[in-house]
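This report describes one protein model for a reader who is new to structural description. Please keep the sequence and the structure in view while reading.

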Amino acid sequence: MQTLKLSIEDHIAHVIINRPEKANALNQTAWDEITEVFEYLDENPEVRVVVLEGGESKHFCAGIDLSLLMSVSQTYIACDARRRERVRKDVLRLQAPINAIENCSKPVLAAIHGGCIGGGIDLVCGCDMRYCTDDAYFTIKEIDMGMVADLGTLQRLPKLIGDGLVREMAYTGRNVEGKEAEKIGIVNRSFADKATMMQEVMKIAATIASKSPLSIRGTKHILLHTRDHSVADGLNYMATWNAAMLLSNDLQEAFAAKMQKRDANFEN
């Protein structure tokens, strides 16, 4: 891969955005590789949890590479309707990597340092949990570019923080720094430095990796369903889900491990 690094160890996949010379701005190759990697991780039975981070770059992600943005906006098709149809398809194609992160059946933990700008917020809103350094900052930068954020921030961020705070960020483009991000709920926790953050995030990932993979995947699926449905619909769906999935080998192993006072050993 040209723009990502991937390693897998102890059931934890470690994905690093790797364009430090461009502050991890995402070009078309990066978007394509994000989709490819997360679809692969979804299907890989060895992987139980994913950690996404910004590596050696100054920023976690500086947003969409301007060359990609220009290529989308400068579509040379004579017919207005066909040109707009093409732009719509381009936007849907750029939404696909964020959807791949969200739809990955394994929990995805984002570890954020430096700037999380524009498309970077789209990325982390597709993750299950977010952690950052105190000097990290989050900004919905599209407003300063004369754009409406269109890859998922305006759809997912209101599910994470208060409506008024989303509007303030989206209308002003102001920076929300690490401690404030923790306070308002963009991130689970903010840490003093990157080394401490990565150490703690990997501990959380290891804890998740030790649990029943079938139950973790099911829990993520149910939480996503619950977010987008009523309580009544969610309870009905839950009953049907457990009718199919409850009586598993993992359930038997969890009970046996508890009785024998040992760590559970789950199949992938």
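The model is predicted: local features need pLDDT of at least 70, side-chain atom pairs count only at pLDDT 80 or more, and totals for chains, interfaces and linings use all residues. Numbering starts from 1 along each chain as its sequence is written, and side-chain values use heavy atoms, with hydrogens and water left out.

**The sheet**

Helices (H or I, at least four residues) and strands (E, at least two) are DSSP runs, numbered from the N terminus. Two strands pair if DSSP finds at least two bridges between them. Strand β6 (residues 129–133) runs parallel to β9, and 3 bridges join the two. In one of these strands, β9, S190 is the bridge partner of C132.

Buried means under 20% relative accessible area, exposed over 50%, and partly exposed in between (1.4 Å probe, protein chains only). D10 lies in the loop between β1 and β2 (12–17); N24 is found in the loop between β2 and α1 (28–43).

**The nonpolar cores**

A nonpolar core is a set of buried Ala, Val, Leu, Ile, Met, Phe, Trp, Tyr and Cys residues joined through side-chain atoms within 4.5 Å. The largest nonpolar core holds 48 residues, of which F38, I112, L123, F138, M169 and I186 touch the most other members. At least two residues of this core come from each of several elements, including β2, α1, β3 (49–53) and β4 (108–112). With 6 residues, α1 provides the largest share. Contact means heavy atoms within 4.5 Å. Leaving aside residues up to four places away in sequence, M169 touches residues that include F138, I186 and R174. A second, separate core of 16 residues includes V49, L109, A111 and M129.

**Helix pairs**

Two packed helices are described by the angle between their axes and the distance between the axes. Axes are lines fitted to C-alpha atoms, for helices over the stretch in contact, and angles run from 0 to 180 degrees between N-to-C directions. Angles under 35 degrees count as roughly parallel, over 145 as roughly antiparallel, 65 to 115 as roughly perpendicular and the rest as oblique.

How do the axes of α1 and α3 cross, and within what distance do they come? They cross at roughly 30° and come within 8 Å, and α1 and α3 are therefore roughly parallel to each other. Among the residues that meet are T35 and F38 in α1 and A96 and P97 in α3. T35 counts as buried, at 17% relative accessibility.

The axes of α9 (residues 213–227) and α10 (residues 231–245) cross at roughly 160° and come within 10 Å. That makes α9 roughly antiparallel to α10. The contact includes L214 and G218 of α9, together with Y237 and W241 of α10.
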